Amino acid sequence: MNDKVKERLLSVLCAIISIGAFLGLWWWATQKTDLGNLLPNPGTVLKAMGGYITGTVGKCSLIMHTFNSLRRVLIGFCIGSMLGVSLGLLMGRYELAKAIFNPLYRIIRPIPPIAWIPISIIWLGLGEQAKIFLIILAAFANTTLNAMTGSANVDPQVINAARMLGAKEGQIFRTIVIPASVPAIFAGLQVGISCSWASVVAAEMIKAENGLGWIIQAGMDNNNMTQILAGIIMIGIGGFVLTCIMRTIEGVMCRWNKSGR
Amino acid sequence: MMKAKNKKWKYTLISICSVSFVVIVWYLCINVLHLKAETVFPGPLTVVKTFIQKLYTKAPDGATLPVHLISSLKVALLGYFLGVLFGVPVGIMMAWSKWVDRLVRPLFDLIRPVPGLAWIPMFILLFGIGITSKAAVIFLSTAVACIVNSYTGIRQTKEEHLWVGDVFGATNIQKLFRIAVPTALPMIFTGLRVAMGAAWMALVAAELLAASEGLGYMIQQGRYSSKPALVFVGMLMIGIVGLVLDTVLHYLERKVAKGMNAE
């Protein structure tokens, strides 16, 4: 026990030292070298971030920009993962579904969602729809594969036992295949949410009026490095929060499965 | 035996039918029924024609398809190799030495949740729109994926195996290179493949935002000059190249990590 506390303390200490050293180096580089002309020092960034949160960047505050990005991600992610998971489950369980949809899926999957940005703008315009379409794609591409592997690898003994006890195909699918695939599905959702987050940032960088991607893009256009760094920090926080939420849900849903963690 | 073969044939046939069905519906909707104008949704024939033309014409974006492709690949591979050369050793060291872990992990945890392409604006301001800024973005995306996977891989080393090493008097270095690294190899390769996907995606994003050549630039120009067929060609090309790179890595994985749990 004592060892554990000691280890804890040591790692906290090391974290403080290394992050402190990093900030110190950053500060020193901006004060003493030419980099100062390009890069603001950490204090300036933090102060600016405080200003952005209480005041405004562009049309609304930093918090509202974050909410805009999060809203897009959540709408797109819910639709995309729902589609992806159901298609993946079907493809993993039924050969026929796999024969029909897998070749199409395999054509679409290697194209990164970001490469869809120009065509989605042509089809859906510059508004919300194009961005949500992209996130649907990002979530869909990542979740389908995992759901498919999950439902294809359900222990056949369990399925046969159920069949012997007289379960119908629908029952087997609902009560065995779906629950048994949950850990694999969550592995896909985990990848899907981070990919969706990256895609929303990219989509907002290409064309948007608000959102975190817009913040860093506008910062680049105005040569405002402070704004870019504040945006990057916020994007990092957003990504971190999203993965934490997914992990918590996964922990609850896969409590029965030790390897699910 | 015969039946299984028959079944396989049947499903292959269904697959072929489904793909051709989609292409035919696509053709019917666009070229016969004219549900959408070709300037919005090009028909399959237009896409094929544009692809062939693009192999030798320079309009409207100033370079042919092979030129764009090579310039994209050059940047992607440069950033990728630097990222791998940095990421894999750092991941291994973090997993192997407690002190490195304690010192580097907090910084790494700060950087990790930021998607690689969010750094694009900052790097463009720092390094300009040339090859350096793109390579730097790809370097970051690659390094993060490599570090995560090499770290997990090394951590999977069984303690019993290390004890055996101790019993036979292996030095720390020997234990690392003879026991831990081979154990981690499949995971490291997974990392390399994930990193390749991330690198390719970051590159396309960077080229969409600021570039003067490359596949991302080409599809962006296709949008500006409202030639969606060109966008389609670019997207398919991006997908195919991503697939080829992944296949190459998969092949390497099977060669190098033979006998380990690579399929």
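Me: Which residue just after H9(B) takes a positive phi?
Reply: B:Ser226 does, with a phi of about 40° just after H9(B), where helices are DSSP runs (H or I, at least four residues; strands are E, at least two) numbered from the N terminus. This is a predicted model, in which local features need pLDDT of at least 70 and side-chain atom pairs count only at pLDDT 80 or more, while totals for chains, interfaces and linings use all residues. Residues are numbered from 1 along each chain as its sequence is written, and chains are lettered from A and ligands numbered from 1 in the order in which they are written.

Me: Where is B:Ser226, and is it buried or exposed?
Reply: B:Ser226 sits in the loop between H9 and H10 of chain B, and it counts as exposed because 11 other C-beta atoms lie within 10 Å. Here buried means 20 or more other C-beta atoms within 10 Å of a residue's own, exposed means 12 or fewer, and partly exposed is in between, with C-beta atoms placed from the backbone.

Me: What about chain A, which residue follows H9(A) with a positive phi?
Reply: That is A:Asn223, with a phi near 60°, although A:Asn223 is not a glycine. A:Asn223 lies in the loop between H9 and H10 of chain A, and it is exposed, since 10 other C-beta atoms lie within 10 Å. As background, most residues other than glycine have a negative phi.

Me: How many residues of H9(B) itself are buried?
Reply: Nine of the 10 residues of H9(B) are buried, so the helix is mostly covered, and among them are B:Leu215, B:Tyr217, B:Met218 and B:Arg223. The cover over the buried residues of H9(B) includes H5 of chain A, together with helix H3 (65–96), H8 and H10 of chain B.

Me: And how many for H9(A)?
Reply: In H9(A), residues 212–221, eight of the 10 residues are buried, including A:Trp214, A:Ile215 and A:Met220. What covers the buried residues of H9(A) includes H5 of chain B, along with helix H3 (62–93), helix H8 (169–206) and helix H10 (225–253) of chain A.

Me: At what angle do H5(A) and H9(B) cross?
Reply: The axes of H5(A), residues 117–124, and H9(B) come within 8 Å and cross at roughly 15°, where axes are lines fitted to C-alpha atoms, for helices over the stretch in contact, and angles run from 0 to 180 degrees between N-to-C directions. H5(A) is therefore roughly parallel to H9(B), as angles under 35 degrees count as roughly parallel, over 145 as roughly antiparallel, 65 to 115 as roughly perpendicular and the rest as oblique. H5(A) passes H9(B) in a left-handed crossing, meaning the near helix is turned anticlockwise from the far one by less than a right angle, whereas clockwise would be right-handed.

Me: Which residues make that contact?
Reply: A:Pro118, A:Ile121 and A:Ile122 of H5(A) meet B:Ile219, B:Gln220, B:Gly222 and B:Arg223 of H9(B), with two residues in contact if their C-beta atoms, placed from the backbone, lie within 7 Å.

Me: Now H1(A) and H4(B), how do they pack?
Reply: H1(A), residues 2–32, and H4(B) pack at about 60° with their axes 8 Å apart, which makes H1(A) and H4(B) oblique to each other. The crossing of H1(A) past H4(B) is right-handed. Residues from both helices make the contact, including A:Leu10, A:Cys14 and A:Phe22 of H1(A) and B:Leu103, B:Pro106 and B:Leu107 of H4(B).

Me: How many residues does each chain give to the whole contact?
Reply: Chain B gives 40 residues and chain A gives 47. On the side of chain B that touches chain A, H10(B) gives the most, with seven residues. That side divides into 32 nonpolar, six polar and two charged residues, where Ala, Val, Leu, Ile, Met, Phe, Trp, Tyr, Cys and Pro count as nonpolar, Asp, Glu, Lys and Arg as charged, and the others, Gly among them, as polar.

Me: Last topic, what is chain A built from?
Reply: Chain A has 10 helices and zero strands. Its radius of gyration is 23 Å, well over the 18 Å that the globule rule gives for 261 residues, so chain A is more spread out than a compact globule; the radius is taken over C-alpha atoms, and the rule is 2.2 Å times the number of residues to the power 0.38. The C-alpha trace of chain A spans about 75 × 60 × 30 Å along its principal axes, and 41% of the 261 residues of chain A count as buried.
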